[in-house]
Every structure is written in structure tokens, then in C-alpha cells.
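Hi,

Here is the structure I said I would pass on.

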Amino acid sequence: MTTVKIGIIGGSGLYKMDALKDTREVVLETPFGSPSDALIVGTLEGTPVAFLARHGRNHQFLPTELPYRANIHAMKQLGVEYIISASAVGSLKEEVKPLDLVVPDQFIDRTKTRPSTFFGEGIVAHIAFGDPVCPELARILGESIESLHLPDVTLHRGGTYICMEGPAFSTKAESNLYRSWDATIIGMTNLTEAKLAREAEIAYATLALVTDYDCWHPDHDHVTVEMVIEYLHRNAISAQKVIQETVRRLAENPPVSIAHSALKYAILTPLEHAPAATKEKLALLLKKYL
């Protein structure tokens with residue numbers, strides 16, 4: 001199997017990468033079930049990459065239903081060391097407008113019912129997660145956006161992504177609460193991915209694509225489905241350009257990430273005393289520590 005160091009996860013509106021060449025579908029199984037879809041492996045700017053449609057190419061998974069662990073494990077199986085995650089989000093700030101791009105550096109977890117760790121069943125690990133986004137990957141992503149001078153797009157470096165459970169959107173009271181926390185954007189998926197990517201020692205950064213203001217905004221009720229779909233389409237075009245440039249820069253100078261050694265001091269259970277079945281289940285993550 002070809003080793004692929006760069007993975008791309010596409011969110012709402014980004015179900016494929018038109019610029020991918022020499023593509024093939026790779027169907028993988030994991031100890032955590034099947035990923036959302038087949039991974040599309042090909043080349044972008046001459047660099048091998050793996051693309052996964054987060055919700056499936058026909059958007060058949062709710063955020064809560066997503067097989068997050070299988071998705072990240074499948075990327076790890078391919079040898080991925082960097083994940084660029086594109087995600088549609090709502091804005092919690094007036095200055096962060098629809099069509100803008102945000103590269104957040106923090107998350108707040110408002111999820112309730114989804115597994116967000118590979119560990120358990122006899123092996124305890126506590127990753128450091130104070131800085132949940134790889135700063136080096138976020139830097140390259142931001143520099144790529146700036147270099148493209150995209151029309152009608154403003155880049156916002158940094159900011160906090162509220163990750164809610166969904167599938168319903170926020171109440172106005174919740175939306176205003178998040179604004180009082182100085183949060184920047186809101187979505188339903190990326191924090192769970194970020195936690196699992198860190199446990200898998202994969203650098204992770206979010207390319208957040210703003211589709212609308214959340215319900216706090218006085219103009220929110222005037223947003224139509226047609227407007228959101230138009231913004232999703234325009235965001236997908238921007239995202240593909242940004243990802244292509246980011247992949248080019250990553251391939252030229254791949255950085256060392258804090259994520260790449262995240263488990264070094266995180267595993268508390270002496271592995272010689274851990275259950276054999278759990279060690280086998282987690283072998284891909286643990287092999288350099290066994």
C-alpha cells in the first residue's frame with residue numbers, strides 16, 4: 001500500500017477534490033468499524049494524498065453518527081501524518097462574514113453522546129490538548145490562504161470553534177451564550193476529529209468555511225436554503241484552491257508537529273500489564289511504544 005502523508009477530510013459541500021489525479025478508491029476496515037466512505041487516494045500537485053468525505057459522498061451521516069474513530073484510524077493505516085479538515089461553520093461574530101475562512105486554534109466541546117477516544121478497555125491514556133490544533137500546520141494553512149488573494153474572502157487566524165452535538169442548530173440563548181464566551185464559529189464535527197487525530201499522533205488543522213451567521217444575528221431569519229447552498233458551493237471552490245496550495249507547501253517542507261509524539265508521556269497503563277486484546281486493537285497507535 002502506498003504511504004500517504006497528507007489526509008484531507010471534506011465537510012458539507014466538499015465531497016470530492018476535482019484537482020486529484022491518478023485516483024483510486026481504497027476500502028479499509030478498522031477495529032472501530034468502517035469509515036464514512038471509501039478513501040480516495042491520488043496525487044495533488046504531484047503529492048500523494050488521501051481524501052475522505054466526512055459525511056459520505058451522499059451526505060448520509062448525522063454528525064453524531066459519524067464513525068470518527070474509523071475515519072482517523074483509516075488515515076493512520078495509510079501513513080497519514082497531517083490532516084487538513086475542511087468544515088462548514090456558522091459565525092458567532094459580526095466581523096466573521098459568510099464566505100470568510102477561519103483557521104481556529106481553540107475548541108470548546110459541547111458534544112454529549114459520541115466516542116472521542118481510542119483508549120479504554122484496559123489501557124488509559126491522557127493526551128495533552130491545551131493547544132488542540134497543530135500550530136505549524138495552521139500556520140501553513142493561513143499562509144496558503146493569504147498567498148491566494150481570494151476574492152470576497154477574509155482570513156481570520158485563530159479563534160474558538162464551538163463543537164455542538166446537533167443535528168439541530170442552536171437556540172438563540174445558546175448562541176448568545178457562546179458569544180459571551182468570545183467564541184468565533186460553531187460547527188458539529190471538528191473537535192472530535194482533533195482529539196482522535198492527536199491520539200493517533202497526526203497533526204490536525206481546521207479550514208473553517210463560513211456559510212452564515214448563527215441564529216444570534218438579526219439577519220439570520222432572512223437566510224434562505226438557496227443562499228446557504230450557494231455559499232457552500234462558493235466555499236467548496238475556495239477550499240479546493242486553499243488545500244491544493246497547502247499540500248504544495250507541506251510537501252516542500254513538512255514540519256515536525258507537537259502531535260507526532262503525543263502519546264510519548266500520555267499512556268499511564270504499563271503496556272506489559274495491558275490486556276492482549278486491547279493491545280492488538282490499538283496496535284497501529286501503540287507499535288512504536290511496545
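A cut-off before anything else: a residue is called buried when its relative accessible area is under 20%, and exposed when that value is over 50%. Bear in mind too that this is a predicted model.

Thr-47 has a relative accessibility of 13%, so it counts as buried. You'll find Thr-47 in strand 4, which runs over residues 47-53. Leaving out residues up to four places away in sequence, Thr-47 touches Ile-6, Gly-42, Val-247 and Ala-251.

Now for the annotated site. An unreviewed UniProt entry puts a "binding site" annotation on Met-188, Asp-212, Tyr-213 and Asp-214. From that set, Met-188, Asp-212, Tyr-213 and Asp-214 are in the lining of the largest pocket.

Tyr-213 sits in strand 11 (residues 203-213) and, with a relative accessible area of 13%, is buried. Its side chain reaches the backbone oxygen of Glu-94 at 2.6 Å. Not counting residues up to four places away in sequence, the contacts of Tyr-213 are Ser-91, Lys-93, Glu-94, Val-96, Lys-97, Pro-98 and His-220.

Asp-214 is in the loop between strand 11 and helix 5 (225-252). Asp-214 is buried as well, because its relative accessibility is 7%. With residues up to four places away in sequence again set aside, Asp-214 touches Ser-91, Leu-92, Ser-170, Ser-175, Ile-186 and His-220. Ser-91 and His-220 therefore turn up as contacts of both Tyr-213 and Asp-214, a residue buried at 7%.

Cheers

Methods. Residues are numbered from 1 along each chain as its sequence is written. This is a predicted model: local features need pLDDT of at least 70, side-chain atom pairs count only at pLDDT 80 or more; totals for chains, interfaces and linings use all residues. Side-chain values use heavy atoms; hydrogens and water are left out. UniProt positions are given in the numbering used here, feature names are shortened, and annotations may be inferred rather than shown by experiment. On a 1 Å grid over the protein atoms alone, a cavity is a set of points where a 1.4 Å probe fits but cannot get out, and a pocket is an open set with protein on both sides within 12 Å along at least five of seven lines; lining residues have an atom within 4 Å of a point. Helices (H or I, at least four residues) and strands (E, at least two) are DSSP runs, numbered from the N terminus. Buried means under 20% relative accessible area, exposed over 50%, partly exposed in between (1.4 Å probe, protein chains only). Contact means heavy atoms within 4.5 Å. A polar contact is a pair of N or O atoms within 3.5 Å; within protein, one must be able to donate a hydrogen and the other to accept it, and residues adjacent in sequence count only if both atoms are side-chain atoms.
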